[in-house]
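Subject: Structure for you to look at

Hello,

Please find the structure below, followed by notes on what turned up in it.

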Number of protein chains: 2
Amino acid sequence: MLSKSQIKLITSLKQKKYRQQHGFFVVEGVKTIKELLQSSVKLYALYTTETFNIDAKREFLISEAELKKISFLKTPNKALAVFNIPKEHPIDTSKLIVALDSVRDPGNLGTIIRLCDWFGVTDLVCSKETVDCFNPKVIQATMGSITRVNISYVDLVSFLKTTKPPKYGAFMNGDNVYKTTLVDNGILVMGNEANGISKAVEDLITDKISIPRFGELQETESLNVATATAILLSEFRRG
Amino acid sequence: MLSKSQIKLITSLKQKKYRQQHGFFVVEGVKTIKELLQSSVKLYALYTTETFNIDAKREFLISEAELKKISFLKTPNKALAVFNIPKEHPIDTSKLIVALDSVRDPGNLGTIIRLCDWFGVTDLVCSKETVDCFNPKVIQATMGSITRVNISYVDLVSFLKTTKPPKYGAFMNGDNVYKTTLVDNGILVMGNEANGISKAVEDLITDKISIPRFGELQETESLNVATATAILLSEFRRG
């Protein structure tokens with residue numbers, strides 16, 4: 001049986017301020033939970049309709065009706081786990097880093113985390129205005145990649161000031177990325193969905209790059225930030 | 001004032017069978033509607049809270065409360081338009097074509113349509129099991145690109161049998177795409193989110209390609225079909 005205080009705690013974790021206050025985040029679905037259980041992220045409590053055969057103190061068997069009460073999903077997926085938010089590790093500036101300047105859409109951030117994982121980018125640096133990576137929608141979109149990418153929230157302007165060039169930025173009017181020599185110990189900065197990279201960050205960019213448009217009509221406004229990140233990371237890694 | 005029959009017609013268009021029966025689809029938001037009004041797609045009726053100053057017979061000024069009744073969005077966006085579903089044009093097999101084998105997620109299809117537009121792919125060929133491109137969530141994700149890409153729903157196996165090679169297919173265990181010579185009058189086939197390319201389609205593929213994984217841990221399961229399409233189209237076009 002779920003207690004009222006358990007329900008209250010779990011549902012509060014939908015909001016960033018309570019995630020930060022308690023130091024917990026929620027993961028749903030058997031597959032992603034299992035992936036996190038195998039990582040260094042620490043489990044606080046598992047609420048499930050079928051046993052996982054883990055530490056009995058941390059596992060609570062509940063009914064589907066109870067799961068529905070605590071789930072953030074329209075169609076709950078057998079289990080919900082509360083994990084401890086892991087500590088941020090120091091940023092390794094000797095390797096390629098992706099930096100996000102105010103990316104707001106949880107699905108975009110989730111996709112970008114998966115891309116970092118795929119392309120071996122171990123550090124993702126986010127401006128304070130970027131959506132929280134422990135937002136349930138981000139977690140849903142990362143599929144476990146969140147355990148393999150070190151995500152840091154920083155003052156992006158200060159961070160860029162303390163790091164060495166090259167600092168690449170994705171712009172609509174940058175140099176053709178296919179004709180640019182990309183050094184893969186730099187920083188790749190991606191901007192906000194609607195406004196791109198902010199002026200203060202733009203001033204610190206050393207190399208503006210762009211993905212050329214091939215359509216005849218030239219009307220497509222821009223690529224989505226996640227698909228643009230996919231193409232640019234591929235360019236950095238293809239050699 | 002909206003009549004009951006207008007409300008019934010519009011809300012029915014959420015479902016594919018009624019879109020096909022009536023030959024209409026719904027577009028929401030001032031920006032996307034304006035983009036479609038400038039295209040060859042024919043307007044049937046515009047329901048809006050602020051006048052667009054178009055043909056008075058086709059424009060209906062409504063209240064925000066009325067818009068809320070007919071909108072498919074949680075937060076309606078000033079206007080909703082009903083357009084005639086355009087006729088499919090013949091497929092031009094002399095150029096690069098993207099073909100989808102049972103892509104089910106509306107957001108993925110919408111992103112892929114935008115990518116085709118960006119990379120100058122004029123024909124997108126979908127298996128009958130692929131999500132309908134006039135699904136409101138697809139339209140929301142395409143941002144007007146739908147008017148610039150000719151989308152055909154076909155029996156994909158029959159279509160591939162009648163076309164010339166090369167027929168590229170995205171597989172987890174294909175050849176490294178960065179080391180493959182890509183001919184850009186071929187067909188690029190992308191598979192279903194969970195199951196990839198079906199066996200019957202796989203048998204018709206002449207070149208299996210893959211995006212290499214760079215992470216050390218090799219645990220990321222796969223890239224999302226839309227981000228994989230982004231990377232592969234970039235490879236076809238970069239030259």
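Chain A holds an open sheet of four strands in the order E1-E4-E2-E3, with mixed pairing. At its edges stand strand E1 (24-28) and strand E3 (59-61) of chain A; each has a single partner strand, so one side of each has no neighbour in the sheet. Neighbouring strands of this sheet are turned against each other by 15° on average, direction ignored. Helices (H or I, at least four residues) and strands (E, at least two) are DSSP runs numbered from the N terminus, and two strands count as paired if DSSP finds at least two bridges between them.

The model is predicted: local features need pLDDT of at least 70, side-chain atom pairs count only at pLDDT 80 or more, and totals for chains, interfaces and linings use all residues. Residues are numbered from 1 along each chain as its sequence is written, chains are lettered from A and ligands numbered from 1 in the order in which they are written, and side-chain values use heavy atoms, with hydrogens and water left out.

Within the chain A sheet, strands E2 (residues 43-48) and E4 (residues 79-84) pair in the antiparallel sense over five bridges. A:Ala45 stands opposite A:Val82 in E4(A). Helix H1 (residues 4-12) of chain A packs on the sheet and touches E1, E2, E3 and E4 of chain A, its direction making about 110° with that of E2(A). Contact here means heavy atoms within 4.5 Å; axes are lines fitted to C-alpha atoms, for helices over the stretch in contact, and angles run from 0 to 180 degrees between N-to-C directions.

Chain B also has an open sheet of four strands, ordered E1-E4-E2-E3 with mixed pairing. The twist averages 15° from one strand to the next. Strands E2 (residues 43-48) and E4 (residues 79-84) of chain B pair in the antiparallel sense over five bridges, and B:Thr48 stands opposite B:Ala79 in E4(B). Helix H1 (residues 4-12) of chain B packs on the sheet, touching E1, E2, E3 and E4 of chain B.

Then there is the second largest pocket. Domain 1 (4-84) and domain 2 (97-238) of chain B both give residues to its lining, so the pocket lies between them; the domain bounds come from an automatic or database assignment. Helix H2 (16-22) and strand E7 (150-154) of chain B are the elements that give two or more residues to the lining of this pocket.

Regards
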